[in-house]
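Subject: Model handover

Hello,

My notes follow below it.

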Amino acid sequence: MLTLFHHPMFATCRFVRLAFGEYGEELALIEEKPWMRRKEFLALNPAGTLPILLAEGDVPIVGAMVIGEYLDETRGVLKRDKRLFAEDPMGRAEIRRLTDWYLNKADSEVTRHLVRERVLKPIMPETAGGGSPDSAAIRAARANIRQHMKYTNWLAGTRHWLAGSKVTYADLAAAAALSVLDYLGEIDWREHAAAREWYARVKSRPSFRPLLSDRVRGLSPVSHYADLDF
């Protein structure tokens with residue numbers, strides 16, 4: 001069994017868990033607090049970022065999409081119609097574009113800031129950046145949610161899945177990011193019917209079940225978080 005160093009509220013880590021779940025692969029999970037900068041953790045990744053996968057031979061593979069590419073090359077190419085990448089280069093390019101949109105653009109504009117201010121700061125020591133949430137950072141992140149939800153709603157309303165006719169890394173990246181915001185109660189789904197219908201379908205997949213059981217100490221999810229018919 002492979003091992004994943006992760007944090008349950010990081011979208012990048014959720015993406016990797018979903019991808020392995022789609023392929024029916026089990027992962028041993030080790031929750032890491034990167035701000036602690038443990039020597040053993042930094043020995044695996046001097047950058048001190050998550051996720052990190054310990055692959056065959058305990059070789060560390062660092063980064064969500066780097067792990068995704070590794071997973072595709074070692075498992076995905078054998079899955080045929082269940083592969084999370086497209087077979088053609090243009091299809092793969094679109095999947096990579098959307099995966100980058102949600103794991104990098106949305107994360108840097110929205111998710112990362114809300115997680116830091118609402119989830120991490122209250123439990124981090126002051127020497128590591130902990131303390132009271134920054135209300136200005138929260139307001140700025142919330143102001144950006146609408147743009148990303150409108151785009152997701154457009155994608156979901158014009159395609160069966162976000163990157164085309166089947167589930168791909170693009171759907172998993174979007175679901176990973178939005179699931180974090182949904183946990184925090186930051187999304188008004190009533191304004192985005194197509195995105196809500198798409199998210200309900202992703203949320204109902206077996207790979208998603210472990211995420212629905214995630215809980216953060218001192219911060220419960222919104223009431224509909226684990227509801228498949230929300």
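**Second pocket**

The second largest pocket is lined by Arg17, Phe20, Gly21, Glu25, Glu26, Leu27, Leu29, Pro206, Ser207, Pro210 and Leu211. Its space comes to about 160 Å³. H1, strand S2 (27-31) and helix H8 (209-212) each supply at least two residues of that lining. H1 provides the largest share, three residues. By class, the lining of the second largest pocket splits into six nonpolar, two polar and three charged residues.

Please keep in mind that this is a predicted model.

**Overall layout**

The chain has eight helices and four strands. Read from the N terminus, the elements go β-α-β-α-β-β-α-α-α-α-α-α. The C-alpha atoms fill a box of roughly 50 × 45 × 30 Å along the principal axes. What about the radius of gyration of the chain? A compact globule of 230 residues would have a value near 17 Å, and the chain has 17 Å, so the two agree.

Of the 230 residues, 51% count as buried. Now the contacts between residues at least 6 apart in sequence: 67% of them join residues at least 24 apart.

**Largest pocket**

The largest pocket has a volume of about 560 Å³. Its lining is made of 24 residues. Phe10, Thr12, Leu50, Asp107 and Arg112 lie nearest the centre of this pocket. H1, H3 and H4 each supply at least two lining residues. H4 gives the most, with 10 residues. The lining of the largest pocket divides into 13 nonpolar, five polar and six charged residues.

Thr12 deserves a note of its own. Thr12 sits in helix H1. Is Thr12 buried or exposed? Its relative accessibility is 17%, so Thr12 counts as buried; the cut-off is under 20%. Leaving out residues up to four places away in sequence, Thr12 touches Leu50, Pro51, Ala64 and Leu103. Leu50 is also among the residues nearest the centre of the largest pocket.

**Helix H3**

Ala64, one of the Thr12 contacts, belongs to helix H3 (residues 64-74). The buried residues of H3 are Ala64, Ile67, Gly68, Tyr70, Leu71 and Asp72. What covers them? The cover includes strand S1 (2-6), helix H1 (11-22), strand S3 (52-54), strand S4 (60-62), H4 and H6. As a reminder on helix geometry, an α-helix has 3.6 residues a turn, so residues three or four places apart point the same way.

**Cavity**

How many cavities of 30 Å³ or more does the structure hold? There is one. The largest cavity has a volume of about 50 Å³. Tyr102, Ala106, Val110, Thr111, His148, Ala177, Leu178 and Leu181 line this cavity. Helix H4 (89-120) and helix H6 (169-183) each contribute at least two of the lining residues. H4 again supplies the most, here with four residues. The cavity lining has six nonpolar residues, two polar ones and no charged ones.

**Nonpolar core**

The largest nonpolar core has 78 residues. Phe15, Leu53, Tyr102, Tyr169 and Trp198 touch the most other members. H6 gives the most to this core, with 12 residues.

**Val216**

Val216 lies in the segment after H8. Val216 counts as buried because its relative accessibility is 15%, against a cut-off of under 20%. Setting aside neighbours within four places in sequence, Val216 is in contact with Met9, Val119 and Tyr183. The C-alpha atoms of Val216 and Gly76 are separated by 31 Å. Along the chain, Val216 and Gly76 are 140 residues apart.

Best wishes

Terms used:
Residues are numbered from 1 along each chain as its sequence is written. This is a predicted model: local features need pLDDT of at least 70, side-chain atom pairs count only at pLDDT 80 or more; totals for chains, interfaces and linings use all residues. Side-chain values use heavy atoms; hydrogens and water are left out. On a 1 Å grid over the protein atoms alone, a cavity is a set of points where a 1.4 Å probe fits but cannot get out, and a pocket is an open set with protein on both sides within 12 Å along at least five of seven lines; lining residues have an atom within 4 Å of a point. Grid points are joined across faces, edges and corners, and a volume is the space filled by probe spheres set on the points. Ala, Val, Leu, Ile, Met, Phe, Trp, Tyr, Cys and Pro count as nonpolar, Asp, Glu, Lys and Arg as charged, and the others, Gly among them, as polar. Buried means under 20% relative accessible area, exposed over 50%, partly exposed in between (1.4 Å probe, protein chains only). Contact means heavy atoms within 4.5 Å. A nonpolar core is a set of buried Ala, Val, Leu, Ile, Met, Phe, Trp, Tyr and Cys residues joined through side-chain atoms within 4.5 Å. The radius of gyration is taken over C-alpha atoms; the globule rule is 2.2 Å times the number of residues to the power 0.38.
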